[in-house]
Amino acid sequence: MSSMTQKRKTPQHLQNVKVVVRIRPLSKQEEDQNVKSVITTHTHRELVLKEKKYSFDRVFKSTATQIELYLHVIAPLIQDVIEGYNCTVFAYGQTGTGKTYTMTGDKCNLVGNWREDIHAGVIPRAAFHIFHELDKLSNVDVNVKVSYIELYNEEIRDLLSDNENILQMYSDNKGAVTIHGLTEISVHNGEGICKYLQRGIFKRQIAPTLMNHQSSRSHTVFTISINTRETTICGDDILKAGKINLVDLAGSENIAKSGCKEIRAVELANINKSLLTLGRVIHALADKSNKHVPYRDSKLTRILQDSLGGHTKTAIIATVSPALNSHEETSSTLEYASRARDIKNTPTVNEKMTKNEVIEGLVKEIDKLQKDLDAARSGTGFYVNKENYEKMIDAIVAVTGEHITPDELMDRKAERIKSLEDRLYSRMREFDETVEQCKKHKEELENAMAMIKDKDNILEQEKFLSKWFEDQTSEKLEEAQKLLSATKTLHSEKEILLAKLEHQFNINVSNQKLTHTAVSNAVSMLDEFGSQESKRIKLSEKKVKEQVEKNVLELQRNFHDTSNSIKKLREDCETRIREYKNGFSIKKTISVKSKYYLDTMREKTRVVEDVLSQYAQQLDLVKSEVPKMEESYRQNSIKYFDEALTLIKLSDDITSRINSEQTRRHHENLDHTEKTLTERIKENESLIALLQKRINEDSITLKRIQVDRDSVANAEERTRECLLERANNLEKLSKEALEGLQSCYQLPKLIAIQNAKIQELQAVIQEFENKLNEISSVLNKKHEEITEYTIETFNTSISNTCKSIEEAMDEKIKNLLNSVDMVVGKTDTVDSFTKFICHMKEVLVQQILDKNVKAKHVGDTPVRQSTSYPLRIKEVAPREALIEKFKQSTEQKMEESDIDY
Ligand SMILES: Nc1ncnc2c1ncn2[C@@H]1O[C@H](COP(=O)(O)OP(=O)(O)OP(=O)(O)O)[C@@H](O)[C@H]1O
């Protein structure tokens, strides 16, 4: 950095200083103390500090990495530096917020590629990046140099020099700053740069403070200058000279918080002074109206002069802490940073020069200097060489017209100089006084000019505002006219509508009264109806309950009747069965009687046999007795026959009597049962199926009885036939006996025949007896079976029927009571209530509609028509906004005029 002067080209476009903010993460100590974070980031460009929003070119969250920041802020500048631009990146912020971390990183070297090392800060990464980019250039000679200075207590120290000399800085008439005696070292690779960076850091002023145990107490500027030489096809060399200043400022902090004492406090005052000046410079640059920028008030701002509002491409990294206790400092940093965004630079690429021009200039300069040096060494005069001396005599002759020696001339000149010096001194004093006065006047003038400028600005502003207000007034007048005419129309329409509304309101009031009366009538009617209805309901409820109770009693009585009938039926059945049993015993008696008669017959036959045997023995005796015997035999036979016939008749009679009685009774019972069942069916449909079943069972029983009766009748028929056969046989026998008697004379033969026939008859009788016994036992068995079955079936059927009837009766009674309750509670009331409501409706409609006051015609309703009037009154912009607008337009004009220039 021996010379910061460069020839420049025509200024290029204005470019704002790029400002980014980096938020450092909460330190471990802060986390342990549960320090609250007060910064929130919403986008990549905005952050909010305690509800105040700030916008920047980029906001790096606490999680942002070194490479992210580098790629966004520094990487784009590297190519510019190679192209010949001057670039500056400086880190600004409260102490301990990560300025050094950002610029240098945790260590000064790099591991691997410039993109790969995650810890490297801006400087080592840029060192490697630059060489990476330069390596890509072909046919270009490159010279890279580094310098590293420290600004400590307003003194410039060379961090790459072996001595501790304090360097001086000079500004040329163009304002370019040169640091005399600065060490600039050529480097050939990234490692070379890092080596010198490390050396410089070692020498840097660092001290522990309460806020950072390794706080940088000085501002440092690490500069990498790149000079390239490229040979064109014509053989000319194009030289480019760019440089990048990487500035790590000392931390802004307040004395109380830093815990600094004595020396450190002086140090801090200096740090704060230079930072304060930097703030003022930024403020002045951001404020376009302010023409004076106090660069010269501190060495820091003098060094950074070209970077702030000059021809350099500048980026500021504002580092902040998110901690609640640093809120004030963070806010101040953000305010500065946001103001710095308004600074505009005109980056200019350093002039490209051909080698020949440079060399020519340099050769002349070297030649002149060489000659002066030689003269000084030889000690012959004014340290001017002879040739130069002769040139001077020629010039004296040309000016004075006399040929005098330089010495004479010198004497003369010395006198003259002396007098002139005297005059000069007096003039100088005057001049100094005048200068002082001028300075004063100038200051006054400047102040007055500034005031005039301010007034002019204000005047311009007021002109702008009054012009704007004039425009607005005429616009508003027009709007007001429109509104007035629209209001008139609306007013007249409103009058008509109000009259209509008033009329409608009166109608509504009287209708409301009528409605009220009608409703109160309806209410009283409803009350009356309600009391009547409740009485009527209670009455009908009572009636229905009585009726139900009566019905229930009747039903119960019916049930008792039914159960009595069933009982009777059962008794009848039992009687019938008993009678049937009795009938059967009569039949049995008949059978016994038949048997008896048969036995008697057998006895008689035996008697006949005896008689016949006696007859044989007393044949002769008997002959006289024949007629008697014949007669007696005939009489006996007839008697037996008659008796048998009587018996048969009796049996028939009994059977038919039993049958007819049985049938009659059965029919009677059936009729009765049927009748009862039919009644029950009518009363209760649910019992039909059951009763039908019982009827079916009864008819089956009846059929069985019928079948039994038929079988008994058949048996009796067969018995009668047998008896008849036997009677016929007896008749035949008696006839034959008669014939035998007639042929008594042939007695022996006849007796034998008679004996055989008697035996035959005996066998038949025996057979008949057996059959009769057999039939009798079958009949007995059958009869008992039928009787038992019938009684059992009948009993079961009757008890089942009774039970079902009882259950059904209970169910029916319950249902009946339920339905009665329901009916008593609803139907009647609902019907009458519906009727009453209809009536009420009619009455109400009648009362309200007929009596309602009808609306009269009160003027025509205004026709809907489009009234044109301004729908929205444009808001008048507040004075501040207008002033802002004015400022913007003025700035724009200024910028345009700058560009034209
Ligand atoms: N973005 C970050 N990520 C991780 N650690 C960080 C970050 N920023 C700062 N630090 C850490 O915070 C501490 C203070 O940082 P640093 O010394 O860089 O602050 P400074 O602003 O340079 O302070 P001073 O102005 O006092 O020199 C260091 O230990 C550093 O490693």
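The exercises below, each with a worked solution, concern a predicted model.

Residues are numbered from 1 along each chain as its sequence is written. Local features need pLDDT of at least 70, side-chain atom pairs count only at pLDDT 80 or more, and totals for chains, interfaces and linings use all residues, while side-chain values use heavy atoms, without hydrogens and water.

**Exercise 1. The chain as a whole**

State how many helices and strands the chain has, and what share of its residues counts as buried.

Solution. Step one is the count: the chain has 18 helices and 18 strands. Helices (H or I, at least four residues) and strands (E, at least two) are DSSP runs, numbered from the N terminus. Step two is burial: 35% of the 901 residues count as buried. Buried means under 20% relative accessible area, exposed over 50%, and partly exposed in between (1.4 Å probe, protein chains only).

**Exercise 2. The buried side of helix 2**

Find the buried residues of helix 2 (residues 66-73) and describe how they are placed around its axis.

Solution. First, list them: Gln66, Ile67, Leu69, Tyr70 and Val73 are buried. Next, take the arc: these residues cover only 160° around the axis, so they lie on the same side of helix 2. The arc is that of the directions from the helix axis to the C-beta atoms. An α-helix has 3.6 residues a turn, so residues three or four places apart point the same way. Last, identify the cover: it includes strand 2 (18-23), strand 6 (58-60), helix 3, helix 4 (99-103), helix 5 and strand 17 (313-320).

**Exercise 3. Two helices against helix 5**

Describe how helix 2 and helix 3 each cross helix 5, and which residues make the contacts.

Solution. Start with helix 2. Its axis and that of helix 5 come within 11 Å and cross at roughly 60°. Helix 2 is therefore oblique to helix 5. Axes are lines fitted to C-alpha atoms, for helices over the stretch in contact, and angles run from 0 to 180 degrees between N-to-C directions. Angles under 35 degrees count as roughly parallel, over 145 as roughly antiparallel, 65 to 115 as roughly perpendicular and the rest as oblique. The crossing of helix 2 with helix 5 is right-handed; a crossing is right-handed if the near helix is turned clockwise from the far one by less than a right angle, and left-handed if anticlockwise. Gln66, Ile67, Leu69 and Tyr70 of helix 2 meet Val122, Arg125, Ala126 and His129 of helix 5. Contact means heavy atoms within 4.5 Å.

Continue with helix 3 (residues 75-83). Its axis and that of helix 5 (residues 122-134) come within 10 Å and cross at roughly 50°. Helix 3 and helix 5 are therefore oblique to each other. Helix 3 also passes helix 5 in a right-handed crossing. Ala75, Ile78, Gln79 and Ile82 of helix 3 make the contact with Ala126, His129, Ile130, Glu133 and Leu134 of helix 5.

**Exercise 4. Positive phi in two loops**

Locate Lys50 and Asn139, and give the phi and exposure of each.

Solution. Lys50 sits in the loop between strand 4 (46-49) and strand 5 (52-55). Its phi is near 45°, a positive value in a residue other than glycine. Lys50 is partly exposed, at 47% relative accessible area. Asn139 sits in the loop between helix 5 and strand 8 (140-152). Phi of Asn139 is near 60°, also positive in a residue other than glycine. Asn139 counts as exposed, at 72% relative accessibility. For background, most residues other than glycine have a negative phi.
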